[in-house]
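Thanks for making the time this morning. I would like to walk you through one model, and I will go slowly enough that you can follow along on the screen.

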Amino acid sequence: MYKCCIFDLDGTLVDSIKAINYTINLTLKKYNLGPISEDECKIFVGDGYKKLVERALIHCGDKDLVHYEDGILTYTEYFKVHCLYKVKAYDGINDLLSYLKNNNIKVAVLSNKPHDRVIENIESMFENKYFDYLAGEKANIKRKPDPAGAIIISNELNISLENCLYIGDTDTDMKTGINANIDTVGVTWGFRPKEELELYNPKYLVNHPVDIINIIENSKKLKLSNSN
């Protein structure tokens, strides 16, 4: 039976692509590069802001990454100001989180977004009333798809990985689930197409947050059936 849901943040809980795209374009503009489109940005995100800056610079012609080091600093400073720009929770997410809270299922976030920005997004969108553990990029947690973050959350919440679901929208998330040996849910409402997620054979592929409620309810029924 699932007792904990570990969520990716961007593209899973919140639609934040406008904030990320706006910030990376401000960064590129400093070097007379860009802009990039939201669709291009969706392909560049998922592996942390440093990779985003690297991919955007190369895409816009800075093949030798002349502006990379300054770009990292610039993006970080801009993102502190603009990380909530037009960010919104996806339809159905609040209902899902409310269901989890009411059913005593632990809720965590594991993101490659800088940790302080994770907290800012969660507190702004959800008032942090649903969450038991938040983990963004910081020194003691390796970036996804390394499984370390999922393992730390499992240990901190005292719930075995076999009783957790990992939920995300990108290939990085699917790899995280595989590496952590945890049942993984690919969501199709996020930044990447369904076909990309299918390549990694997640245990579940869902089109709406209510589908995750159904997965958990079915796991309860299965446990009851096995105990009889």
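Where is the place of Pro145? Before I answer, please keep in mind that what you are looking at is a predicted model. Pro145 sits in the loop between β5, residues 133–137, and α7, residues 148–157, and the peptide bond that joins Lys144 to Pro145 is cis, with an omega of about 15°. A cis peptide bond also joins Gly34 and Pro35, where omega is about 5°, and Pro35 lies in the loop between α1 and α2, the latter being residues 38–44.

Let me put that beside a general point about backbones, which is that most peptide bonds are trans and most residues other than glycine have a negative phi. With phi in mind, please look at Asn104, in the loop between α5, residues 93–102, and β4, because this residue has a positive phi, near 55°, without being a glycine, and it is exposed, with a relative accessible area of 70%. Asn128, in the loop between α6 and β5, likewise has a positive phi near 55°, but at 30% relative accessibility Asn128 counts as partly exposed.

Now to the helix packing, and here I will start with α1 and α3. Their axes are 11 Å apart and they pack at an angle of about 55°, so the two helices are oblique to each other, and α1 passes α3 in a right-handed crossing. By class, this contact has 7 nonpolar residues, with no polar and no charged ones. From α1 the residues are Ile20, Ile24 and Leu28, and they meet Leu52, Val53, Ala56 and Leu57 of α3.

The buried residues of α4 are Tyr68, Gly71, Ile72, Thr74, Tyr75 and Phe79. As for its length, α4 runs over residues 68–82, and its 15 residues reach 20 Å from the first C-alpha to the last, close to the 21 Å expected at 1.5 Å a residue.

Finally, is Ser16 buried or exposed? Ser16, which is found in the loop between β2 and α1, counts as buried, because its relative accessibility is 1%. If we leave aside its neighbours within four places in sequence, Ser16 is in contact with Asp10, Val87, Lys113 and Phe191.

Technical notes:
Residues numbered from 1 in each chain as written. Predicted model: local features only at pLDDT ≥ 70, side-chain atom pairs only at ≥ 80, totals over all residues. Heavy atoms only, no water. Helix = DSSP H or I, 4+ residues; strand = E, 2+ residues; numbered from the N terminus. Expected span 1.5 Å × (residues − 1). Buried < 20%, exposed > 50% of the residue type's maximum accessible area, 1.4 Å probe, protein only. Contact = heavy atoms within 4.5 Å. Axes fitted to C-alpha atoms, helices over the stretch in contact; angles between N-to-C directions. Parallel < 35°, antiparallel > 145°, perpendicular 65-115°, else oblique. Left-handed = near helix turned anticlockwise from the far one by under 90°. Nonpolar A, V, L, I, M, F, W, Y, C, P; charged D, E, K, R; others polar.
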